[in-house]
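Okay, thanks for coming, everyone.

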Amino acid sequence: MRRSCSRPACGGVPTATLAYDYAGRTVWVDPLAEEPHPMTHDLCARHADRLSVPNGWVLHDRRDEATLLSLPVARAS
């Protein structure tokens, strides 16, 4: 079965895995896990890059530099 982004109406190819801890108010974005897990969410690059967390929460983006360097960069004209 093909994995896709967990965001509704997005069929994008996942590149990251999101996990969270409600009690600790912490969110982690990691490189895509090899296997899906029911307590995590797959995200495409667009949604992983635009992720924001509620006030009082902490976001840890732990994707490696190789993943970040492969993302397209918007250039000003």
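**Aromatic rings, sheet and core**

Let's start with the rings: there are two aromatic pairs here, counting rings of Phe, Tyr and Trp (its six-membered ring) with centres within 6.5 Å, where planes under 30 degrees apart are stacked, over 60 edge-to-face and the rest tilted. Tyr20 and Tyr22 make an edge-to-face pair, 5.1 Å centre to centre with 70° between the planes. Tyr20 is partly exposed, at 32% relative accessible area, while Tyr22 is exposed, at 60%. For those words, buried is under 20% relative accessible area, exposed is over 50%, and partly exposed is in between (1.4 Å probe, protein chains only).

Tyr22 also pairs with Trp57, again edge-to-face, at 5.7 Å centre to centre and 85° between the planes. Where do Tyr22 and Trp57 sit in the chain? Tyr22 is in the loop between strand S1 (14-21) and strand S2 (26-31), and Trp57 is in the loop between helix H1 (45-49) and strand S4 (58-61), 35 residues apart. Helices (H or I, at least four residues) and strands (E, at least two) are DSSP runs, numbered from the N terminus.

A word on ground rules. This is a predicted model, so local features need pLDDT of at least 70 and side-chain atom pairs count only at pLDDT 80 or more, while totals for chains, interfaces and linings use all residues. Residues are numbered from 1 along each chain as its sequence is written, and side-chain values use heavy atoms, leaving out hydrogens and water.

Next, the sheet. It's an open one of four strands, in the order S3-S1-S2-S4, with mixed pairing; strands pair if DSSP finds at least two bridges between them. S3 and S4 are the edge strands, each pairing on one side only. S2 and S4 run parallel over four bridges, and Trp28 has His60 in S4 as its bridge partner.

Now the inside. The largest nonpolar core has nine residues, including Leu18, Val29 and Cys44; such a core is buried Ala, Val, Leu, Ile, Met, Phe, Trp, Tyr and Cys residues joined through side-chain atoms within 4.5 Å.

Finally, confidence: mean pLDDT, the predictor's per-residue confidence from 0 to 100, is 88 for the protein. Helix H2 (residues 65-69) is lowest, at a mean of 54, and S3 is highest, at 98.
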